[in-house]
Amino acid sequence: MAASLDGVFPTTLQDKMKNSKLLVVGAGGIGCEILKNLVLSGFPEIEIIDLDTIDLSNLNRQFLFHREHVGKSKSQVARESALQFNPDVKIKAYHDSIMATDYGVNFFKKFDVVLNALDNRAARNHVNRMCLNAEVPLIESGTAGYNGQVELIKKGLTQCYECTPKATQKSFPGCTIRNTPSEPIHCIVWAKHLFNQLFGETVDDEDISPDVADPEAKGEANDAEGSKNDAEKTTDEKVPDDGNVVRVNTRQWAKDNNYDAETLFNKFFYDDIKYLLSMSNLWKTRKPPTPIKWDSVLLKQDESDQSFARQYHKIWSLAECAAVFADCLKKLKLNLEKTEEGDSLVWDKDDQPAMDFVAACANIRGYIFEIARKSRFEIKSMAGNIIPAIATTNAITAGVVVLHTFKVLQDQLDKCKSVYMRLRPNPRQQLLVPEKMLTTPNPNCYVCAAEPAIHLRIDTKRVHINEFRDDVLIKTLNMVNPDVIVDAKGVVVISSEEGETECNENKLMSEMDIVDGVLLKCDDFFQNYELSIIIVHIDTERDEPLFEVVADPNQLKPKEEEKTKTSENENGNTDDVSDGPSTSKRSKINEVVDDDDDDLCLIEEDDDHNISKPTDKSATEEVTEATDKLQVKSPEKPVATKRKTTAVEDDITEILDSDEEDGPTQSKRTKICEPDEKGVINID
């Protein structure tokens, strides 16, 4: 295409394009636009990888797909559609996960540039590490509603994707979810847990039964013994020391009752609620819930009319929710029976019966606790903390990605400054706002630093080895197959070889002599990633985070000392306390909110995005700034250098453009609780 026509591109760029090989990771909203642009630009050899299949909801913005493609591989169909634009291009498609072991460092070394168009944080972290090890330039992109971002990641030159910490998904205490919900999101999380208990992979911390270990209800569990239903009256039933009610497996009990809608409804929405009412301490300052039975007058309706089930913007009545509940139980039961023995269903927002089940159960529970009910459409968005994706934003962002690719191929890396797309033009009439310079690596980054190391504040008396592996090393530190050795003793605690350290999994960290001050050496051979972990023991209370990752040693100092240094620094008596943004990452085992999404766009709150500022201004810049200031309507009002923010629900910060900016804004997203920190939207 364009590269084959003389005069369209400079000769040097034209030659480099003809000899280049690119990898596109992701064939969703941005990925389709990137692939189309690359093909029309004339890049001769492209490989694209995506694990997903095409869903009907993708068709409003992923324009390489059509209705007849629903259910097919995204990468394969994207390849076929792109070849219609330019059949001379060699495109290889993989219907696979980029995190699979087939795609190691040597795979990434084949490419001149890697273009990220992903929709989840785990895959982004993985590609980031692979490109750093392979020393291949990575162009990272993402959109969130009307906002977009493109940045270059190059080892030693720019910050990597993990140089600044990403906020963890908001989680909720188990006792709030199970006993005292007060917001719609609490009911939605409970409904997703119920789905997993009945049809999905069960997790102990996702129990949906009343939690008598709730500190507010302490001492009343035994008085409530008589209110439990037949499903709980087993020979082993008792209230153990940890407070949780012991009963037969919820799924097995449901199977024994043939997933009967009336039986299950009465169990979850009448018997369990009556049990909660018996815990009177909970309702001294709260309005008590209202249990409801299957044969209630409120649930009577004409069952022949099911048209409401497709009215996704309508808030279903209680009777309609009960009808959907019964219908979904039948469908999900059949789906479960089709799986192989031991397998389970996976909740997916695009699976109609699974989504309907959660919407119906959440609204029934909302009615019981007098919490505002939501439409199915709203519940689908809230279930993943997501907002609709915008096709135009994807297209513009993809265009900037390809422009950056041109610069990388010409070795003009200094020109590949991060670019941010905004909803409205700034005072300089810019919709695409570039940074003033490349953002340098964070010296405290535990991924791209010369010798990566962290301090791990963790309750070694409560965390087991398997939880340390799964929740700390894999989920939080983004390793794939870690090996862990106690440095002083040379003892292998965790091995990537199957079965080698299985005997350690159920032991507490303290039982393995992993206590305060111990140094662990972690190695992920697949990612070619090594990390030193210094254990700092902490004693945690119930429902407190069990661990905290601290990459900057300064954060381990007492708060009083930090405040003193900060005060001194403000008075000009000392140097800066820290070299960059906070790199602390707090987490709680078994988070309750999903973070993977492709149909809609996931909002991620990036706490700290360190943006370097030039220390000296040129005369031109000073004149420009002075001119901008003269355009402000209210001279007596200080000129704003940051965007205004207002808090909205679910801890998401709404971005409002300031009409008084004196130049390209360097803060794309801010947290109102920490106004000096800077962040960017980083998700497709």
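**Aromatic pairs and charges over rings**

In this predicted model, F107 is buried, and F111 is buried as well. A search of the whole structure finds 19 aromatic pairs. A pair of aromatic rings is described by the distance of the centres and the angle of the planes. For F107 and F111, the ring centres are 5.3 Å apart and the planes meet at 70°. Planes over 60 degrees apart count as edge-to-face, so the pair of F107 and F111 is edge-to-face.

A further edge-to-face pair is formed by F269 and F325, with 6.1 Å from centre to centre and 75° between the planes. This pair links distant parts of the chain. F269 belongs to helix α9 (residues 261-277), whereas F325 belongs to helix α10 (residues 318-338), and 56 residues separate the two. Buried means under 20% relative accessible area. The relative accessibility of F269 is 0%, and F269 therefore counts as buried. F325 likewise has a relative accessible area of 0% and is buried.

F269 and F325 also belong to one aromatic cluster.

The charged end of R129 sits over the ring of Y529, at 4.4 Å from the ring centre. In a second case, the ring of Y270 has the charged end of K293 over it, with 4.8 Å between that end and the centre of the ring.

Notes: Residues numbered from 1 in each chain as written. Predicted model: local features only at pLDDT ≥ 70, side-chain atom pairs only at ≥ 80, totals over all residues. Heavy atoms only, no water. Phe/Tyr/Trp six-rings, centres within 6.5 Å; stacked < 30°, edge-to-face > 60°. Buried < 20%, exposed > 50% of the residue type's maximum accessible area, 1.4 Å probe, protein only. Helix = DSSP H or I, 4+ residues; strand = E, 2+ residues; numbered from the N terminus. Lys NZ or Arg CZ within 6 Å of the ring centre and 35° of its normal.
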